[in-house]
Structure formats: C-alpha cells, structure tokens
Amino acid sequence: MNVPVDHLDHRIRGGWTSSGAADAELPAHASRWLSARTGLTPRRTPVAPDSGLAVAESELPAQVRAVLGSIVGPEHVLVERADRLGRAGGLSYLDLLRRRGSGELPVPDAVVLPADPAQVQRVVEVCAEHGVGIVPFGGGTSVVGGVAALRGDKSSVVVLDLCRLDELVSVDPVSRLAVFQAGVVAPEAERLLAAHGLTLGHFPQSYERATLGGFAATRSSGQASAGYGRFEDMVEGVRLATPRGEWSVGVAPASAAGPDLRQLAVGSEGAFGVITEVTVRVRPAPVWQRYEGFVVDGFAGGAEVVRALAQASALGTVTRLSDPQETEVGLTLAGSWKMAALRGYLKARGIAEPCLLVIGWEGQTKHEMLLRRRSSLRFLGKAVRLGTAAGEVWRHGRFSGPRQRDALMDVGMCVETLETATYWSRLGELRTAVRDALVASLTTGERRPIVACHISHSYETGASLYFTTLVPRDLEDPVGQWRDAKAAASEAIVGLGTITHHHATGVDHAAYLPGEIGPLGVDVLRAVRRELDPDGVLNPGKLV
C-alpha cells in the first residue's frame, strides 16, 4: 500500500504515545500515596530530546541502500536520525530508560518499508546476499528486547518496518477465516472485521499499537483468552519471507502430515523468517457483553475459585484475579473508590484480604450471555459482588497500563512487569518465590517496593502469573536496579514455571531457554535457523 510515510508514524519516542509524553498525569492523591507507601520523592525525569541521544552515522553501504531503494522506492529507505531512533528498540522499562539518557540505545542503520510480501521477500534476499542484519518491526511493543537493533557479527543492520503491509486480504465467512497482512494493527483488524460482523477477539494490553504479525511472532495472549484462546490457537496459516525463499504453512484445520509446522513459525520471533501474512480464525462479533466485579478473600482462595471455573469450563470470556497488592494499587491509583470505606464494607462481610475478581461474559443473545454468567456464578461462593460498575471501570481502563507507566516514570518510579505460568499445584509456591525475590532485590534504604500480581490466563491444568513492580528509581544505577531484580525473579521461576507465558524470549529470556527446553531442544531450534537463514541475518541475537 503506497501510503505516505508521514501517515504511518508509529515511531517510539520514549513512551507509549507517539509524542513520547505521558498523556495522563499522576493524580495528586496517587503521588502522595506512593510517597507514603514506597518512599518516593517525586521528581521530574522527562524523556530526553532526540538531540540528547547518541546516534552513530549509518553504516549501511551505499550500494545496498541503492538496491533496497530499487525494490521499495528510495523514499522508503530511511536513514535520517529521527526515523532510525523511532525504531530503535521496544517499549520495555529499560528501553524507555535509555530514551531518558540511561544506557546505550542500539540504533539501526536504516529503516526499510516494503509495501507487500513480494517486496519483503526481495529485501530479505538482498540483505542475506550482502550480510546485512534484519530486525522485523511491527508496533514496537516488545518488552524483552525482541526488536532491539542488534548487529551480531554483521557490520550493519536494518529495521524492516511492516507498517505498509496493512490490508485485509480476504474473508471466508463460511469457514470463519480471515487473511491479514502482517502489519495490520489490532484495532484496525477489529474495524475491518466488524464490517463483516466478525471479531478476532485478541485484546492484549499492547492492543492499541501491536500488529497481527507481532502477535504471531511472539505467541501473544490476550485478556479475553479464556473465551477466544491464545493467538496461536487462532492461527490457521502463516506466510513468511526467508533467505531461502518464501515459506507458507497451514492448508487445513487439522492434519496428520508430520509435525505442525505452523507452530514452528508461530513464536519464532523473526528468527526463522519475516511473517508477511497470517490466516486467522475469526468469530461472530458479540452482541451482548456484561462485566462484573467481585471480591474474594485472599489470593489462595481466589485462585481456587478460578481453578474451579477453569476445570468446569465455566470461565468468563475475561476472568482476571488480582492479589491484595494489585487490588490496592489499582483502586488507589484509579481513585474510583474510597479505600477505607470499601475495606470496612468488605471486612463486615468476612473479607480480610480483598482480591478483586473481574469476570466478563459475551453472547450473540442476551439469553446466551446470561447462561454463561449463571454457569460462573455457581462457583463464586462467598465472593462479595461489586456489580457492573466495578467491571466497567476495569473494562474502560483495560489498555491504560502503558500510559500509567509513562506517568509513573515521569515522577521517578521504576515500574515494570514480568510474567510466567505453571500448573495449579505449584501456583502459590511460584507466586511466593517470585514475589520474595523481587522484594529482596529492590528493598534498599528508604525504597520499599510494591510487588503486585494477577491471574488473567487460566487453563484446566494451570494459569499464568503477571507481576507488576513499583519502586522508587535508583538514580545512580537505574538500569542495574531492574536488571538485578529481573535476574532474581527469573532464577526464582526456573524449575517452577515457564520463563515466559506470552512476552516471548527475545534477548532478556534467551539465557533461560536451555533450562526450559533442554540443550537438545536448543540444538533443534538452531538447526532450523541455520536451514532457513544460513548467513544469520534474521533478527540477530534473539531466541537462540
């Protein structure tokens, strides 16, 4: 699609918004609470201007630049400082720290914007021929270094920005299939499907910026996974560009023709090829929705409720349990409840450790939706109902986390997330181990961390745990502060759960992959990578 480049401006400028500035200020009551709770001394720590960041001159050879320009058009090979900075890294806390002047930011030598899968294939072949590294880039929402412009052993590296691959290729309403180009952002995919009365139903917190190709490359999981499944459950086919040629997988809903190679392509993080098209399962868009809030007593008791729901196939489309710390943080920062009054109300009803449980149900008819709600309510026992008001507060703020992080970073907080998953029998042990590791690593002097956790993806056999950490930033070594904490948490996870449930491997988790899949498993992945990418140009330094 030949859209002018300035209409496709999704560059990263130091925060979730395109401007790099927080579009939500931290409320005064939240700042006071954080100061009392964590020892924060609020101070302005703004995003550094582009002129304050070190950016080396492009090392992309002129000959290669000319060949790439002949493929995509010279105007779609960008080497200006601002364009390269805008695709330098993702949106992790450490990425954003680097944009505030802490640490080195790897910057690509050029940004290439192909218009279609054929151009992507030609660009990949040219880069392989000339030994130029390639970093596929969708919405730039990776929080594990997945889109860092690492060179490996290459003298230059380009970012392959897929934003021009933004078309809905086809819809098969009979089979409930849709084919999208990889650069379609999630809200646009929903808009295009809505014209056909359909939905994908994939709503991760990165929804506003992330692309369908990125979802496939990282095995994404959305907030409505209980109702629609993880993204790999939705993928029916994948088209990739590799240095060895184009590769397409997926021809039927099920097959016994050897291992399912779709699942090799999904989650490959750009290391096996650049995803250019994804065929996904879609469903009729819901007509009726209802979100409600409940409070259960204690995380262990709440987890038992969620387990019972999962094992009875009675989960809502959304089923999310917050621990006491996340419940406190969420309600306090939102300012939508008077915490003292709420605690008194709950204590009178036997709730000593309030844990917020949000459940959302959907249906094509009101009767269908209410039947699903009734199925869930059978397992809620002594839970206190807060009604639809609490559910709607969560639903309307479900994508606000990244903006809240920008505001918190602006006043000097270290705020980051990590996630894992395990079987039900280990869930409590894993939560305790990770929480203890983070608290021990981040508690120093006057700094007192808040470590909050929730379950938002549940299965018959287990669930994910998603941790959010808040602590005043170490101004002397802010990068080391979080690196040490993340390492401690990762070590605590080993042996109890997976190193990542949905954030992917990237750079941050690569060292822990052998412990999870074994040395032989790593050798298998390396063999696949060598076969598809003999010269090692695809996303250097990621996955394996």
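Which residues lie nearest the centre of the second largest pocket? Of the 25 residues that line this pocket, those nearest its centre are Arg219, Gly267, Thr505, Leu513 and Leu543. The structure is a predicted model, in which local features need pLDDT of at least 70 and side-chain atom pairs count only at pLDDT 80 or more, while totals for chains, interfaces and linings use all residues. Residues are numbered from 1 along each chain as its sequence is written, and side-chain values use heavy atoms, with hydrogens and water left out.

A pocket is an open set of points, on a 1 Å grid over the protein atoms alone, where a 1.4 Å probe fits and protein lies on both sides within 12 Å along at least five of seven lines; its lining residues have an atom within 4 Å of a point. The second largest pocket has a volume of about 580 Å³, a volume being the space filled by probe spheres set on the points, which are joined across faces, edges and corners. Helix H19 (513-532) supplies the largest share of the lining, 6 residues, and helix H10 (262-265) also gives at least two; helices here are DSSP runs of H or I with at least four residues, and strands are runs of E with at least two, numbered from the N terminus. The lining divides into 11 nonpolar, 9 polar and 5 charged residues.

The largest core has 78 residues, of which Leu68, Leu160, Phe180 and Phe231 touch the most other members. Helix H5 (residues 117-130) gives the most to this core, with 6 residues. Apart from it lies another core, of 75 residues, with Ile359, Trp361, Cys453 and Phe467 among them.

The cysteines deserve a separate look. A disulfide is a covalent bond between the sulfur atoms of two cysteines, and here it is taken as a pair of cysteine sulfur atoms within 2.5 Å. The whole structure holds 0 disulfides.

Notes. Nonpolar A, V, L, I, M, F, W, Y, C, P; charged D, E, K, R; others polar. Core = buried A, V, L, I, M, F, W, Y, C linked by side-chain atoms within 4.5 Å. Buried < 20%, exposed > 50% of the residue type's maximum accessible area, 1.4 Å probe, protein only.
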